Amino acid sequence: MKTSQRWLQAALNTLKRKGWIVCGTALVSFCAGSLVTVYLTHPNKVNADRNRVFELMIYHTLPGKVPELESIFRDVSKLQAKHNVDVVGYWVPNGDPAWANTFIYLVAQPSLEEAKKNWAALHADAAFPQYRNLAVPIIEKAGDKFMVDEVYMRPTDFSAMK
């Protein structure tokens, strides 16, 4: 009987060690997964120094033409990235009739001077005119002026995005 008790005790000790190993492995895996999740769920934050500017662009389109402009900007976005026009995001209003014909995007630039330089490079790119030519007929006009609201902004000292 003593032999079977020793064997049983040895088996239980082995199971306890394996249990601790499994628990330890699970804990380490959970911690590693949590760290990876934290890293992946915090997208690159836009940081600002004292000269950083943000540019808000609001395009007013002819009725029903927002999807067409959205499609054009899908391609233009690659060209913007090539010329350091750092677009934070593109938006289309969702369900508000007053904003139904608008396409909005926000650009972050290191400074106003850099912004002007980057925009000039984008507009001088040989690939840019084809996109402009596609957009011109669908952007609303007031007289000779296209209905595009453009404003440079700076973050406030209490803003989450700096």
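## Reading a sheet and a buried histidine

Colleague: Which residues does His83 touch, leaving aside those up to four places away in sequence?

Modeller: Contact means heavy atoms within 4.5 Å, and by that criterion His83 touches Asn118, Ala121, Leu122 and Asp125. This is a predicted model, in which local features need pLDDT of at least 70 and side-chain atom pairs count only at pLDDT 80 or more, while totals for chains, interfaces and linings use all residues. Residues are numbered from 1 along each chain as its sequence is written, and side-chain values use heavy atoms, with hydrogens and water left out.

Colleague: Where is His83 found, and what joins its side chain to that of Asp125?

Modeller: Helices (H or I, at least four residues) and strands (E, at least two) are DSSP runs, numbered from the N terminus, and His83 sits in the loop between α2 (66-82) and β2 (86-91). A polar contact is a pair of N or O atoms within 3.5 Å; within protein, one must be able to donate a hydrogen and the other to accept it, and residues adjacent in sequence count only if both atoms are side-chain atoms. Such a contact, of 2.7 Å, links the side chains of His83 and Asp125.

Colleague: Does His83 count as buried or exposed?

Modeller: Buried means under 20% relative accessible area, exposed over 50%, and partly exposed in between (1.4 Å probe, protein chains only); His83, at 14% relative accessibility, therefore counts as buried.

Colleague: Why is strand β3 described as largely enclosed by the rest of the structure?

Modeller: Because eight of the eight residues of β3 (residues 102-109) are buried. Both of its faces are covered, with Thr102, Ile104, Leu106 and Ala108 buried on one side and Phe103, Tyr105, Val107 and Gln109 buried on the other.

Colleague: How many bridges join β3 to β1, and how many to β2?

Modeller: Two strands pair if DSSP finds at least two bridges between them. Strand β1 (residues 53-60) runs antiparallel to β3 and is joined to it by eight bridges, with Ile104 of β3 as the bridge partner of Ile58. The pairing of β2 with β3 is also antiparallel, over five bridges, and Asp86 stands opposite Ala108 in β3.

Colleague: What is the order of the strands in the open sheet?

Modeller: The four strands follow the order β2-β3-β1-β6, with antiparallel pairing. Each of the edge strands, β2 and β6 (148-153), has a single partner strand, so one side of each is left without a neighbour in the sheet.
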